[in-house]
Amino acid sequence: MISSNFANLFVFAGFELNQKYIAAELCINKNRPELHCNGKCYLMKKLKQAQDKEQKQERQSQKTQIQDAVVVTPMVFKQYALAETKLHIPGSMGMLQSIKNSIFHPPQG
C-alpha cells in the first residue's frame with residue numbers, strides 16, 4: 001500500500017515537473033485546446049498503469065504466499081519389522097533357540 005502511494009507520488013511529481021512538455025508533445029488532446037486537457041489525459045493514463053502494475057504485484061505476492069502456505073513436506077512413516085532369528089547355541093544339546101526382540105546372553109556355567 002505504501003509503495004502504491006509512492007508510485008502515485010512519482011507520477012504526480014513527474015507530471016508537475018514536465019507538464020508543459022507533456023501538454024505539447026504527449027497529450028492525446030493536444031489538437032483540441034478547447035478541452036483544456038493540458039496533459040491530464042496523459043497523467044490519468046500513467047496513474048492507471050501504476051495502479052495496474054501495483055495490482056499485478058499484489059496478486060503475485062498473494063499467489064506466492066498461498067504457494068508457501070500450501071507446500072507441505074510429505075511425512076514418511078517407515079514400519080520396521082522385527083526379525084525372528086534362530087540360532088544354534090553350542091552346549092544346548094543341538095537345539096535351535098528362537099530369539100525375538102531380546103539380547104543374546106550366553107549360558108552361565
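This note goes through the predicted model point by point, from its overall make-up to single residues.

1. Basis. The model is predicted, so local features need pLDDT of at least 70 and side-chain atom pairs count only at pLDDT 80 or more, while totals for chains, interfaces and linings use all residues. Residues are numbered from 1 along each chain as its sequence is written, and side-chain values use heavy atoms, with hydrogens and water left out.

2. Overall make-up. The protein has 3 helices and 2 strands, in the order α-α-α-β-β from the N terminus. Helices (H or I, at least four residues) and strands (E, at least two) are DSSP runs, numbered from the N terminus. The accessible surface comes to about 9,900 Å², and 59% of it belongs to carbon and sulfur atoms. Accessible areas come from the Shrake-Rupley method with a 1.4 Å probe; for residues, only the protein chains shown count as cover.

3. Burial and contacts. Of the 109 residues, 15% count as buried. Buried means under 20% relative accessible area, exposed over 50%, and partly exposed in between (1.4 Å probe, protein chains only). Among contacts between residues at least 6 apart in sequence, 28% join residues at least 24 apart. Contact means heavy atoms within 4.5 Å.

4. Nonpolar core. The largest nonpolar core has 6 residues in all: V11, F15, I22, L43, L47 and A50. Helices α1 and α3 each supply at least two of its residues, and α3 gives the most, with 3. Such a core is a set of buried Ala, Val, Leu, Ile, Met, Phe, Trp, Tyr and Cys residues joined through side-chain atoms within 4.5 Å. Leaving aside neighbours within four places in sequence, F15 is in contact with I22, N38, G39, K40 and L43.

5. Surface patch. F6, L9 and F10 make a nonpolar surface patch of about 350 Å². Patches are made of residues with over 30% relative accessible area and no salt bridge; like charges are joined within 9 Å, and nonpolar side chains (Val, Leu, Ile, Met, Phe, Trp, Tyr) within 5 Å. F6 lies in helix α1, residues 2-17. F6 counts as partly exposed because its relative accessibility is 45%.

6. Salt bridges. A search of the whole structure finds 2 salt bridges. A salt bridge is a side-chain nitrogen of Lys or Arg within 4 Å of a carboxyl oxygen of Asp or Glu. Side chains of opposite charge can pair when their charged atoms come close. D52 and K48 both lie in helix α3 (residues 40-70), 4 residues apart, about one turn of the helix. D52 is partly exposed at 32% relative accessible area, and K48 is partly exposed at 46%. The side chains of R32 and E34 also form a salt bridge, at 3.9 Å, N to O. R32 is partly exposed, with a relative accessible area of 45%, whereas E34 is exposed, at 54%.

7. Cysteines. The count of disulfides is 0, a disulfide being a pair of cysteine sulfur atoms within 2.5 Å. C37 is in no disulfide, and the nearest cysteine sulfur, that of C41, is 3.4 Å away. C41 is likewise in no disulfide, its nearest cysteine sulfur being that of C37. C37 is buried at 11% relative accessibility, and C41 is buried at 17%.

8. Not counting residues up to four places away in sequence, N29 touches L35, C37 and C41. N29 and K40 are 11 residues apart in sequence and 9.3 Å apart in space, C-alpha to C-alpha. P33 is found in the loop between α2 (19-26) and α3, and it is exposed, with a relative accessible area of 57%. The C-alpha atoms of P33 and A23, 10 residues apart along the chain, are separated by 9.9 Å.

9. Positive phi in the loop. H36 has a positive phi of about 55 degrees although it is not a glycine. H36 lies in the loop between α2 and α3 and counts as exposed at 58% relative accessibility. N38, which is also not a glycine, has a positive phi near 50 degrees. N38 lies in the loop between α2 and α3 and is partly exposed, with a relative accessible area of 42%.
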